[in-house]
Amino acid sequence: MTRWNQGRSTVDALIGSGRLEHVPASRQAAEAELVRARTHVGSARQLAATDPEGAYTLAYDAARRALAAVLQNQGLRATSRGGHLGVYEAVRAQLDPPLGSVLRPFNRMRARRNEVEYRSTEAPTVTPDEVAADLTKVEALIELAEKSIPNMPRY
């Protein structure tokens, strides 16, 4: 299997700084994460009208799980120091270009999810329409992960 070189310097820097770590690569674990992500999307759709904040948090978590699945398949995982941003930076470095337009909404959603979870007083209330709009982007992220995983070798 060939070595994946796009974004290697960024991923190496994330590992060197302790924001990512090596773990046993597992396609099975990656696929299980994608199943959980799809389940979260379905749950978020069900909750969007009655609990938009809860639905938004689930939608965001589905997106995070999809990106983490890409790393799991490669034998990488974000540490507590790297957190969700480490997951995003590692996947983006490896897949943008050409997939930046699909990946970029994740970082905005991460910030929005933080507003929801840690309740900024200036943050607008999450609406069912906002959840619906971002669920479309989450589904695109899951599809990106599903297509990328078979093509990306262990790191």
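**Why the terms fit this chain**

Me: What is the accessible surface of the chain, and what share belongs to carbon and sulfur atoms?
Reply: The accessible surface comes to about 7,700 Å², and 51% of it belongs to carbon and sulfur atoms. The model is a predicted one.

Me: Which elements does the chain have, and how do they run?
Reply: The chain has seven helices and two strands. From the N terminus on, the order is α-β-α-α-β-α-α-α-α.

Me: Why is the chain called as compact as a globular protein of its length?
Reply: For 155 residues the globule rule gives 15 Å. The radius of gyration of the chain is 15 Å, close to that value, so the chain is as compact as a globular protein of that length. Along its principal axes, the C-alpha trace spans about 45 × 30 × 25 Å.

Me: What share of the residues is buried?
Reply: Buried residues make up 46% of the 155 residues in the chain. To be called buried, a residue must have under 20% relative accessible area.

Me: Why does V70 count as buried?
Reply: The cut-off is under 20%. V70 has 1% relative accessibility, so V70 counts as buried. V70 lies in helix α3.

Me: What does V70 touch, leaving out residues up to four places away in sequence?
Reply: V70 touches V91, A145, I149 and M152. For one of these, I149, there is also a C-alpha distance: the C-alpha atoms of V70 and I149 are separated by 5.7 Å, although the two residues are 79 residues apart along the chain.

Me: Why is H40 called buried?
Reply: H40 has a relative accessible area of 17%. The limit is under 20%, so H40 is buried. H40 is found in helix α2. Beyond four places in sequence, H40 touches L58, D61, A62 and R65.

Me: What makes Q74 buried or exposed?
Reply: The relative accessible area of Q74 is 1%. Buried means under 20% and exposed means over 50%, so Q74 is buried. Q74 lies in helix α3. Not counting residues up to four places away, Q74 touches A25, Q94, M152, P153, R154 and Y155.

Me: What makes α3 largely enclosed by the rest of the structure?
Reply: Of the 23 residues of α3, 20 are buried, so α3 is largely enclosed by the rest of the structure.

Me: How do you know that the span of α3 agrees with its number of residues?
Reply: Helix α3 covers residues 52-74, and at 1.5 Å a residue its 23 residues should span 33 Å. The end C-alpha atoms are 34 Å apart, which agrees. Just after α3, G75 takes a positive phi of about 85°.

Me: How do you know that the span of α7 agrees as well?
Reply: Helix α7 has 21 residues, 128-148, which should span 30 Å at 1.5 Å a residue. The end C-alpha atoms of α7 are 30 Å apart, which agrees.

Me: Which residues of α7 are buried, and what do they pack against?
Reply: The buried residues of α7 are V131, D134, L135, V138, L141, I142, L144, A145 and S148. They pack against α2 (27-47), α3, α4 (83-95), α5 (100-103) and α6 (105-118).

Me: What share of the contacts with a separation of 6 or more comes from residues 24 or more positions apart?
Reply: Such residues account for 80% of those contacts in the chain.

Me: How many charged side chains are there, and how far apart are the centres of the two sets?
Reply: The chain has 21 positive and 18 negative side chains, and the centres of the two sets lie 6 Å apart.

Methods: Residues numbered from 1 in each chain as written. Predicted model: local features only at pLDDT ≥ 70, side-chain atom pairs only at ≥ 80, totals over all residues. Heavy atoms only, no water. Helix = DSSP H or I, 4+ residues; strand = E, 2+ residues; numbered from the N terminus. Expected span 1.5 Å × (residues − 1). Buried < 20%, exposed > 50% of the residue type's maximum accessible area, 1.4 Å probe, protein only. Contact = heavy atoms within 4.5 Å. Rg over C-alpha atoms; globule rule 2.2 N^0.38 Å. Areas by Shrake-Rupley, 256 points an atom, 1.4 Å probe, with all protein chains shown as cover. Lys, Arg positive; Asp, Glu negative; His and termini not counted. Charge placed at Lys NZ, Arg CZ, Asp CG, Glu CD.
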